[in-house]
Amino acid sequence: MVNDIEKKYLNDLEVVQLAIDIEDRGHEFYTLASEKFSNNKEIKEFFIEMEKEELVHKTRFEELYRKLLYEKKGDDSSYFDIEASIYLTLLYNTSVFPSKDSVNEVLKKINAYEDAIELAIRAEKDSIIFYDEIVKEAKFDSTKKVAITLLNEEIKHFIDLSNTS
């Protein structure tokens, strides 16, 4: 039974996997948004730039994942505490960018680019909260370092998006 409970806790590797998925979702959202608003060159270019940055973030987290996997040598005994695990899982499941399965449906309902920007602002805010919690709860310094870097970049995205609307 203890093993079953422990499996519910997130370790650094699992959190990094969630972060990779968040960046992947962001990339997908910005790609589809740039296609949807392709008739406005300025907005399209803005979304394309955001799309590229999400790929850079994803690559950083993939590198971190490989590094953590090597450092831990398969040992995933350094768990977050249960409250942090539950909180991070809830943040991931209820916020950030729409999943790949639902992003098309979400964008179909958006007709004005301002609405797409507003959705992106909310997603970037959620990312900021998520990465801030990673910084607070990570057990490995390398996880904290990458999360701090990307937290600052998500803050920049939030500011850029806020200045666009």
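The expected span of a helix is 1.5 Å times one less than its number of residues. Helices are DSSP runs of H or I with at least four residues, numbered from the N terminus. The model is predicted, so local features need pLDDT of at least 70 and side-chain atom pairs count only at pLDDT 80 or more, while totals for chains, interfaces and linings use all residues. Residues are numbered from 1 along each chain as its sequence is written, and side-chain values use heavy atoms, with hydrogens and water left out.

Helix α7 has 24 residues and reaches 35 Å from its first C-alpha to its last, close to the expected 34 Å. Its buried residues (under 20% relative accessible area, 1.4 Å probe, protein chains only) are S142, T143, V146, A147, L150, L151, E154, H157 and L161.

Helix α6 (residues 113–137) packs with α7 (residues 141–164) at an angle of about 160°, with the axes 9 Å apart. Axes are lines fitted to C-alpha atoms over the stretch in contact, and angles run from 0 to 180 degrees between N-to-C directions. The angle therefore makes α6 roughly antiparallel to α7 (over 145 degrees). The contact of α6 with α7 comprises 14 nonpolar residues, five polar and five charged. Nonpolar covers Ala, Val, Leu, Ile, Met, Phe, Trp, Tyr, Cys and Pro; charged covers Asp, Glu, Lys and Arg; the others, Gly among them, are polar.

E114 lies in helix α6 and, at 39% relative accessibility, counts as partly exposed (between 20% and 50%). E114 and L161 are 47 residues apart in sequence and 9.9 Å apart in space, C-alpha to C-alpha.

Methods. Helix = DSSP H or I, 4+ residues; strand = E, 2+ residues; numbered from the N terminus. Parallel < 35°, antiparallel > 145°, perpendicular 65-115°, else oblique.
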